[in-house]
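Student: I would like to learn how to read the packing in a structure like this one. Could you take me through it, beginning with a single side chain and its surroundings?

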Amino acid sequence: GLLHSARTPGPAAGINTLVTYDLVPEPKIIDAALRACRRLNDFASTVRILEAVKDKAGPHKEIYPYVIQELRPTLNELGISTPEELGLDKV
C-alpha cells in the first residue's frame with residue numbers, strides 16, 4: 001500500500017512512492033501520509049511530503065496553495081509547519 005513497502009519501512013516508503021508519481025496526489029492522500037508521519041513523530045518526512053507536492057505542482061502555481069489550503073486544518077491539528085513557514089523556501 002501507500003504507506004508500506006517491503007524495501008523501505010514506515011512512512012518513508014510511502015513518501016518515496018509519492019515522490020515518484022508525476023501527479024500531485026489528492027489532499028486526502030497527502031493528509032493520510034502526514035498523519036502517518038506524525039504518529040511516528042517523523043517531522044522531517046512531513047516537510048519532504050510538502051516539498052514534493054510543491055515540486056510536483058511545477059509550473060501550475062495554483063495547485064500548491066490549493067493543497068495547503070485544503071490541508072490547513074490537518075496541519076494546524078498536527079502542529080505541522082509548511083516549508084515556507086519554516087523558511088526552507090529561502091534556502
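Predicted model: local features only at pLDDT ≥ 70, side-chain atom pairs only at ≥ 80, totals over all residues.

Student: Which elements does the protein have, and in what order do they run?

Tutor: Helices (H or I, at least four residues) and strands (E, at least two) are DSSP runs numbered from the N terminus. Here the protein has four helices and zero strands, in the order α-α-α-α from the N terminus on.

Student: How is a pair of packed helices described?

Tutor: Two packed helices are described by the angle between their axes and the distance between the axes. The axes are lines fitted to C-alpha atoms, for helices over the stretch in contact, and the angles run from 0 to 180 degrees between N-to-C directions. In this model the axes of α2 (residues 27-39) and α3 (residues 43-57) come within 9 Å and cross at roughly 160°. That makes α2 roughly antiparallel to α3, given that angles under 35 degrees count as roughly parallel, over 145 as roughly antiparallel, 65 to 115 as roughly perpendicular and the rest as oblique.

Student: Which residues meet where α2 contacts α3?

Tutor: From α2 come Ile30, Ala33, Leu34 and Cys37, which meet Ser45, Thr46, Ile49, Leu50 and Val53 of α3.

Student: Which residues have the most contacts inside the largest nonpolar core?

Tutor: A nonpolar core is a set of buried Ala, Val, Leu, Ile, Met, Phe, Trp, Tyr and Cys residues joined through side-chain atoms within 4.5 Å, where buried means under 20% relative accessible area, exposed over 50%, and partly exposed in between (1.4 Å probe, protein chains only). The largest such core has 15 residues, and Ile30, Leu34, Leu50, Leu71 and Leu75 have the most contacts inside it. Helices α2, α3 and α4 (63-78) each supply at least two of its residues, and α4 gives the most, with six.

Student: Is Asn41 buried or exposed?

Tutor: Asn41 is exposed, with a relative accessible area of 59%, and its place is in the loop between α2 and α3.

Terms used
Residues numbered from 1 in each chain as written. Heavy atoms only, no water. Contact = heavy atoms within 4.5 Å.
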